[in-house]
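Dear colleague,

Please find the structure below, with the findings after it.

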Amino acid sequence: MSSLAPIRKVAIVGAGQMGLGIAYVSAVHARVHVAIHDPSSSVLSSAMELYRSLLSRDVAKSRITQSDEDAALSRVKSVVGDGSGQSGETIKDDVDVVIEAIPEIPDLKLGLFKKLGGLLPSSTILASNTSSISITKLAAAAGNGASSEERKASASRVIGIHYFNPVPQMKLVEIIPALQTSQETIERAKAFGRACKKEVTTSTDSPGFIANAILMPMINEAIMVLEKGIASAEDIDTTFRLGMAHPMGPLALADLIGLDTCLNIQKVLHNETGDSKYRPSGLLSRMVDAGWVGRKAGKGFYEYDAKGGRLTIPPSRALVQQRDYRARKAEKIAQLQQTVEELREENAALKAELVDMKNRENARLKGEQSADIAVDSRVNDASGSNFSHIPQPGTSQLDSDRLNTPLSNPPFISPLPGTTFPPIDPGDTNCCGGLFDCSSSTVTGLGANSISNPQIKADTVDPYINIQHRHVQDTVERSVGHPVDDPPPFQLDPTKCCYGLVDCDLVAE
Ligand code: CAA
């Protein structure tokens, strides 16, 4: 449209990353003069430094010549103040377009448009780079700021020109006319967008327009996926980069846009639509509370150096690593505890087994010992050296221990080979020696003999006792010290056979 009034001078309010980017494409591509306003001189000087470095990069990459750079530098000037006269210098009334790029806070923007509506002639386009705030409301504010005659005209020059971050790289602007916006304003805005070397799309004035109505819920969902611990920030972003060929994942993109901006956009979307799908995630709000608003703060979902470069270990990954480390540690502790428990149980079982073995061994030793004692005692008893535990002559006591101790096997019954048995004192007339049935409470003598009563015959023995008579004879002979009548063969249960000396009175005839 050749009749469109040309745009030669632009004022930008807000020297943040968007404002500076818009200044860059305006000066470098659209080749217009730019006054960039910001109440903060330090923000302004950072912006100008970035502007110079972008130009130097372009020269280094042969995108522009040195004279292009010089010209671009001369086209941009920084102005301290909000542009409305509230602080610092006001925007000059000869500018063709004002592009507002201040924080995404409705009251701030509405206040600025009201002031600019009264300050600048209605030929000056008032554009907002808002991501979500109603352009119609901004137009109304600009109308309200103007005189009653100018109200309509003041509202009709308001439009949304929405750039994307990083502005020098992103090839798009969204044009959003308000209900009040004039066709001329729309055409001039589109033309300016193209002059900035951007493709232009148009959206009606609906919350979030085209881009953020779709992008913000996606970013918010990504934050919720992180919040729920479904995946790490790295994995969420990698999924989008490699799975959907996005140049960056939604969390890295949120860091680039600024988490404060994302939160503000989401609040607007939520308030304007009342739709719960736009409610900002709790984590996003908390991160903004913490001041972790992304690249510009050096920290968001990732950490950045002073130049906005990503540090190697993002906090999210560090958190995941820490969480993994804790989980591994807890798992290790649980394993160790289980091992300790198992060792305790094993130890207890071993102890019990040991005690059992010890008891069994003791019992076995005791058994062997008592058999040994039985043998030894027999020897001792027969040798007369250990009579203390056998019935003494003249008593009618059985040596019950001895008598009740079964001999374990036949060889014990027989005196050990080579054993000499000194004779029992012939004076002990009541003492009987020999083999007895120890299972009986009365002593049934078998092969038993006594000095005073050598007639005791083995045939008085219970018939079940079976022992080779030779053993008995030997035993008796040796224990009494002289030959006894040949006992007849008889039965003797070896397990019930006792050997010793008893009161002969107890020996059954
Ligand atoms: N400002 C200016 N230039 C930047 C920049 C920044 N913040 N970040 C990167 N660049 C430049 C680099 O200097 C580099 O330039 P050269 O080609 O001249 O060397 C170029 O971009 C490519 O950068 P890198 O090689 O370092 O990295 P890359 O290839 O991954 O590209 C990216 C970086 C351009 C940011 C790319 O990842 C990308 O396109 N990301 C998606 C960005 C996006 O979706 N933006 C829209 C956000 S929505 C929005 O802004 C609107 C809203 O309302 C919220």
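Three helices each supply at least two residues of the shell around the ligand: α2 (41–60), α8 (211–227) and α10 (250–257). Of these, α10 gives the largest share, three residues. Please bear in mind that the model is predicted.

The ligand lies between two domains, because domain 1 (9–205) and domain 2 (212–315) both give residues to the shell around it. By class, that shell holds 10 nonpolar, five polar and three charged residues. Among the 18 residues around the ligand, the nearest are Arg57, Lys61, Arg63, Ser131 and Asn165.

Some polar distances at the site:
- Lysine 61: a side-chain N or O atom is 2.4 Å from an oxygen atom of the ligand.
- Asparagine 165: a backbone N or O atom is 2.6 Å from a nitrogen atom of the ligand.
- Asparagine 212: a polar side-chain atom is 2.8 Å from an oxygen atom of the ligand.

The protein buries 67% of the 1,000 Å² that the ligand exposes when taken alone.

The other item is glutamate 104, in the loop between β4 (97–100) and α4 (106–119). Its relative accessible area is 5%, under the 20% cut-off, so glutamate 104 counts as buried. The side chain of glutamate 104 makes polar contacts with the side chains of threonine 130, at 2.6 Å, and serine 132, at 3.0 Å. Beyond its neighbours within four places in sequence, glutamate 104 is in contact with Lys109, Thr130, Ser131, Ser132, Ile133, Asn264 and Ile265. Of these, Ser131 is also one of the residues that come nearest to the ligand.

Regards

Conventions: Residues numbered from 1 in each chain as written. Predicted model: local features only at pLDDT ≥ 70, side-chain atom pairs only at ≥ 80, totals over all residues. Heavy atoms only, no water. Near = heavy atom within 4 Å. Polar contact = N/O pair within 3.5 Å; in protein donor to acceptor, adjacent residues only side chain to side chain. Areas by Shrake-Rupley, 256 points an atom, 1.4 Å probe, with all protein chains shown as cover. Helix = DSSP H or I, 4+ residues; strand = E, 2+ residues; numbered from the N terminus. Nonpolar A, V, L, I, M, F, W, Y, C, P; charged D, E, K, R; others polar. Domains from an automatic or database assignment. Buried < 20%, exposed > 50% of the residue type's maximum accessible area, 1.4 Å probe, protein only. Contact = heavy atoms within 4.5 Å.
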